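Please examine the sequence and the structure before reading each solution.

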Amino acid sequence: MQKIIVDKPFEQDWIRMFTHLANLFFEQSKVIDDPAEEGLHIDISVIEDADGFLHGNATLKQDDNVYSATFTEQKTNDGSETESRQLKRIYSHVFLEVLEQFTGMKQSWGILTGIRPTKLYHKYRQMGHDRETVKQLLMDKHRISEEKSELLETIERVQLGAIPDLHDLRNEVSIYIGIPFCPTKCAYCTFPAYAIHRKNGRVESFLDGLHEEIREIGKWLTKRDIKITTIYFGGGTPTSIEADEMDALYQTMYDSFPYMKEVREVTVEAGRPDTITPEKIEVLKKWGIDRISVNPQSYTDETLKAIGRHHSVQETIDKFWLSRNMGLKNINMDLIIGLPNEGLEEFQHSLDETEKMQPESLTVHTLSFKRASEMTRNKNKYKVADRKTVEQMMQLGEEWTKQNGYVPYYLYRQKNILGNLENVGYAKPGEESLYNIIIMEEVQTIIGIGCGASSKFMEPATGKITQFQNPKDPAAYILTFEEYIDKKIEHLERIFPKAVIAE
């Protein structure tokens, strides 16, 4: 635990801000304002001069070394951000810089600790700035590196090519349908995922509730004449249920949701290869499901065993070719950088195997130690790569995707992610997942249906988002799904009020 002592008291939300930044450098840190404590002492201040300029200063003294940082900008009076937000940003600048000097670690994402950097890029573009100005703003105001700023620019261009009306979707919705079952639970996972078994009838009871939730939400959308942009079946692994159960679920979806022929994309996560069968592929084809995921995560059998995935590398390869040869034309695959006992050689091997298959899209995740995961609870059991190696693996992924004709189309970051890096979705041109773009850029309401599904209700006029979570446990969902349907419809009534027709 690295203690960092600041020289004046701050409100708790400011302390959280400093702590998030400190955690970019130290595995665990604690920011306090008690000068008697032992640790790294940072003197930090922002002073306004007579001309309305704000001057941020920070000094860190350790042994005989002195590290100092300054940052100056004119006080904001144009309404583009609040005074408090500007002050926090300036304090973040100098706090981050002295820690960079002290540790020798450069943070390519600068002061950003949120998960959606591309949303910031879109915001600046929506304000009327050209791309060169946005790049400079990211570098100057947020300390983002030139390389990452250019990555965001590339992604924004690709997203607008894939969805030209990306910023005009507020009066439509997307749907997320959560099916919480998997063959086994992976060691890094914190999704609502439960090992599937049939003895107590909870799978059947859950599906009964899910059908009803789809019907009721569909009834409301039909009544209000609201169109659906994309539908995404996630989990868990939605292909854990039987083929006839999938068929019945898609039948209910088509019977219940309005304008199904105009839905731009339907995706089904078939992430665990051990759940894919010819019968299930036939069901997907029957309903015109145009995008699935077959996720290897790694092409090393020992790694798969260590992280709790009870399938082999060969099964991943076989199920990919089964899906392809049976006519599925848009297949995504996921790889994870930094899995236990994996380094450059193992990741290069995963890329070499992926090259033989050429999926339409590839998401390169960087391992994140999520608080509730088995891997985080037992860190000593799982040896992972160091920061330098993880950065080199990410570079390998970037070079491989360029060589194989993929372009980056969405990006997000997570807390406790190795190397303070990012997760990047790459796709062949024209094969981007529209749902992934929409959920990352938060451009419309997403209605979550099923176990653990999170809804994001967005006010069309203001863009304000309210989150609402369904129960994560199937037993709780079975008991309360009707109550949660009513609550979701209340939210929908608020953000999509019924038009008043003049007499």
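Two strands pair if DSSP finds at least two bridges between them. The model examined here is predicted.

**Exercise 1.** State the order of the strands in the open sheet, and identify the strands that stand at its edges.

*Solution.* 
Step 1. Five strands form the open sheet, in the order E2-E1-E3-E4-E5, with mixed pairing.
Step 2. Strand E2 (29-32) and strand E5 (65-74) each have a single partner strand, so they stand at the edges and one side of each has no neighbour in the sheet.
Step 3. From one strand to the next, the twist averages 20 degrees.

**Exercise 2.** Describe how E1 is joined to E3, and which helices pack on the sheet.

*Solution.* 
Step 1. Strand E1 (residues 2-6) and strand E3 (residues 40-48) run parallel and are joined by three bridges.
Step 2. Isoleucine 4 has leucine 40 in E3 as its bridge partner.
Step 3. Helix H1 (residues 12-22) lies across E1, E2 and E3, at about 145 degrees to E2.
Step 4. Helix H2 (residues 83-103) also packs on the sheet, where it touches E1, E3, strand E4 (53-62) and E5.

**Exercise 3.** Determine whether serine 149 is buried or exposed, and name its contacts.

*Solution.* 
Step 1. Serine 149 belongs to helix H5 (residues 146-162).
Step 2. Buried means under 20% relative accessible area.
Step 3. Serine 149 counts as buried because its relative accessibility is 0%.
Step 4. Beyond its neighbours within four places in sequence, serine 149 contacts Tyr121, Lys135, Leu138, Met139 and Ile144.
Step 5. The cover over the buried residues of H5 includes helix H3 (117-126) and helix H4 (131-142).

Note on methods:
Residues numbered from 1 in each chain as written. Predicted model: local features only at pLDDT ≥ 70, side-chain atom pairs only at ≥ 80, totals over all residues. Heavy atoms only, no water. Helix = DSSP H or I, 4+ residues; strand = E, 2+ residues; numbered from the N terminus. Buried < 20%, exposed > 50% of the residue type's maximum accessible area, 1.4 Å probe, protein only. Contact = heavy atoms within 4.5 Å. Axes fitted to C-alpha atoms, helices over the stretch in contact; angles between N-to-C directions.
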